[in-house]
Amino acid sequence: MTLQSHTVLTEVRSEDSVDPAVRLAAMVGSTVIHLPGDSGYDEARTLWNTAVDLRPAAVAEPTTAAEVSAVVTASSQLGYQVAPVSTGHNAGPLVQHDLASTVLVKLDAMNGIEINPLTAMARVQGGALWGDVTEAAGRHGLACLHGSSPDVGVGGYLLGGGIFLYARRLGMATSGLTAVEIVLADGELIRADHTQHQSLFWALRGGGGNFGIVTAFEFSLYPLETVHAGMMVWDIDDADRVLRAWAEWAPTAPHEITTSMRILNLPDAPGIPESVAGRPVVCMDGAVLADKKRARRVLAPLRELSPRTDTFAQVPPSSITRLHMDPEGPTPVTGDTALLGRLTDEAIDAFLSQVGAGTEHSLHSAELRQLGGALARKHPDGGALSRMDGSFLLFGAAIADTPENEARGKKDANDLVRAMSPWSTGRQYLNFAEEPVDVGDNYGAREWLTLTRVKSAYDPENVFAANHPVPPA
Ligand SMILES: Cc1cc2nc3c(=O)[nH]c(=O)nc-3n(C[C@H](O)[C@H](O)[C@H](O)COP(=O)(O)OP(=O)(O)OC[C@H]3O[C@@H](n4cnc5c(N)ncnc54)[C@H](O)[C@@H]3O)c2cc1C
């Protein structure tokens, strides 16, 4: 529906009789708004995780901070909630909101990136993607704390924590944030950093998209010309001995190394390396932030496990955004997750009873990410979430391309998490939680109370509908 047609509509009907969604479109100037029934609505409401069926009152696609502000102001005046998304990698939990009264604000057109090589800082818009940031930073010999897939958005990843290859050495990505520009519930665009709106800035670093729409993020980059990264692959029949050895090594490993251990079941399809395609395998990928000589020493205990494939080498940081082989582009996925403490022999037995050699399951990935190191302690400049509870992050994921596959994948992921529950810390890393969860259970009591107070101060009417909601105190 064009702005012109809205204007005509508002002229011929009294204001109250016009559908509020139509009034919204008329109130936001040139910002593109898709309403149910419009030809572009279905495409606009479809996010990265295509298994998630969201039917919001409207979808807004702002291209500037001023447009974001206009959308938030008009939406809240009309009594709508506002749900910001940059890609929809964690769209699943949004189903808990009353979407008939929610405007989905898609930020993917706001993807600008500026790198300052002199200060080693990035300034990116609220809908930027990690793959683009990594490439732009890499051109200046700088690295960023990106996620395991190039099309994960900076927005949700940074606001919810952000961990991957450098995490045990450099900590959670959100702790490297130095400032944000954010549109608040009344439409005002402000800057929050370590000196202004400090409590809001604290809450944004781990408290998710509950407090406003971030239109720009500023964060530190790291002068890394190369890293020692790659993957090792074993046959599924080696899972027992490899997982036991890795689980014993991981908690005491030097902090320069961060790894992820997976049972992978990937199809034999274009883009999937031959070493992992078409059959279940054990795959460990990771990075060592050290020179080649030191990296060899750090990797020695893993090489003693005689991998069939070993690709670890000194490479530019911008070349490893696809190392983890995550699916890119719109993908239907389901999954479940838990944070785990030390993994005993019984824990490995439980893991392998679900996904080891000879088991029948639908998970394309059953993952254990190595935590500890810098993730084990609170970051001195960190916010609401700056450490990870536990020694391992468990994540089971399945392709949910049909309702049957979704149901089976969900069950298998739930079963995996249930089997590992004796070793669970009782918390989840919310960025990996694909379904609505009890959000407060995943923060410390003091952090949760502060988050709810910041929500009361900045969004008392609960305008913002986040994937993992923090209610006003
Ligand atoms: C394939 C895949 C790989 C992943 N790899 C990693 C990984 O290596 N490490 C890791 O830590 N996590 C990883 N994740 C999890 C990821 O961090 C979350 O899915 C995260 O929410 C993605 O952010 P997004 O902006 O792309 O997603 P979205 O679904 O768009 O956003 C999630 C939520 O963040 C908020 N939000 C997003 N942008 C903004 C904004 N500009 N302003 C205000 N609120 C905003 C909203 O509340 C939104 O509901 C991965 C997920 C997938 C599916």
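Analyst: Welcome! Let's begin with a rule: two strands pair if DSSP finds at least two bridges between them. Please keep in mind that this model is predicted.

User: What makes strand 5 and strand 6 a pair?

Analyst: Strand 5 and strand 6 (residues 121-125) are joined by four bridges. The rule asks for at least two, so these strands count as paired. Their pairing is antiparallel. As an example, I113 has V124 in strand 6 as its bridge partner.

User: How do you know which strands are the edge strands of the sheet?

Analyst: Start with the order. The open sheet has five strands, arranged 5-6-9-7-8 with antiparallel pairing. Strand 5 (113-116) and strand 8 (189-193) each pair on one side only, and they are the edge strands. From one strand to the next, the twist averages 15°. Helix 5 (residues 130-138) packs on this sheet and touches strand 5, strand 6 and strand 9 (213-220). The direction of helix 5 makes about 30° with that of strand 5.

User: How do you know that strand 7 has paired neighbours, and which strands are they?

Analyst: Count the bridges again. Strand 7 and strand 9 share six bridges, while strand 7 and strand 8 share five. Each count meets the requirement of at least two, so both are pairs. Both pairings are antiparallel. V180 has F217 in strand 9 as its bridge partner, and I182 stands opposite I190 in strand 8. Strand 7 and strand 8 also form a hairpin, with five residues between them. In its turn, G187 has a positive phi of about 90°.

User: Why is strand 7 called mostly covered?

Analyst: Strand 7 (residues 177-183) has seven residues, and six of them are buried. A residue is buried when its relative accessible area is under 20%.

User: Why is the pair of Y429 and F432 called tilted?

Analyst: The structure holds six aromatic pairs. In this one, the ring centres are 5.3 Å apart, which is within the 6.5 Å cut-off, so Y429 and F432 are a pair. Y429 and F432 are both buried.

User: What makes the pair of Y443 and W448 stacked or edge-to-face?

Analyst: Here the centres lie 5.9 Å apart and the planes are at 20°. That angle is under 30 degrees, so the pair is stacked.

User: What makes up the largest nonpolar core?

Analyst: This core has 63 residues. W130, V154, Y166, V180, L200, F217 and F219 have the most contacts inside it. The core draws at least three residues from each of domain 2 (113-223) and domain 3 (227-315 + 332-432). Leaving out residues up to four places away in sequence, V154 touches V124, A128, L129, W130, V133, F217 and F219. A second, separate core has 44 residues, including I236, W246, L302 and L340. There is also an aromatic cluster formed by W130, Y157 and F219.

User: How do you know where domain 1 and domain 2 lie, and how many residues take part in their contact?

Analyst: The domain assignment places domain 1 at 3-106, domain 2 at 113-223 and domain 3 at 227-315 + 332-432. The C-alpha centres of domain 1 and domain 2 are 25 Å apart. Their contact takes 14 residues from domain 1 and 19 residues from domain 2.

Conventions. Residues are numbered from 1 along each chain as its sequence is written. This is a predicted model: local features need pLDDT of at least 70, side-chain atom pairs count only at pLDDT 80 or more; totals for chains, interfaces and linings use all residues. Side-chain values use heavy atoms; hydrogens and water are left out. Axes are lines fitted to C-alpha atoms, for helices over the stretch in contact, and angles run from 0 to 180 degrees between N-to-C directions. Contact means heavy atoms within 4.5 Å. Rings of Phe, Tyr and Trp (its six-membered ring) pair if their centres lie within 6.5 Å; planes under 30 degrees apart count as stacked, over 60 as edge-to-face and the rest as tilted. Buried means under 20% relative accessible area, exposed over 50%, partly exposed in between (1.4 Å probe, protein chains only). A nonpolar core is a set of buried Ala, Val, Leu, Ile, Met, Phe, Trp, Tyr and Cys residues joined through side-chain atoms within 4.5 Å. Domain bounds come from an automatic or database domain assignment.
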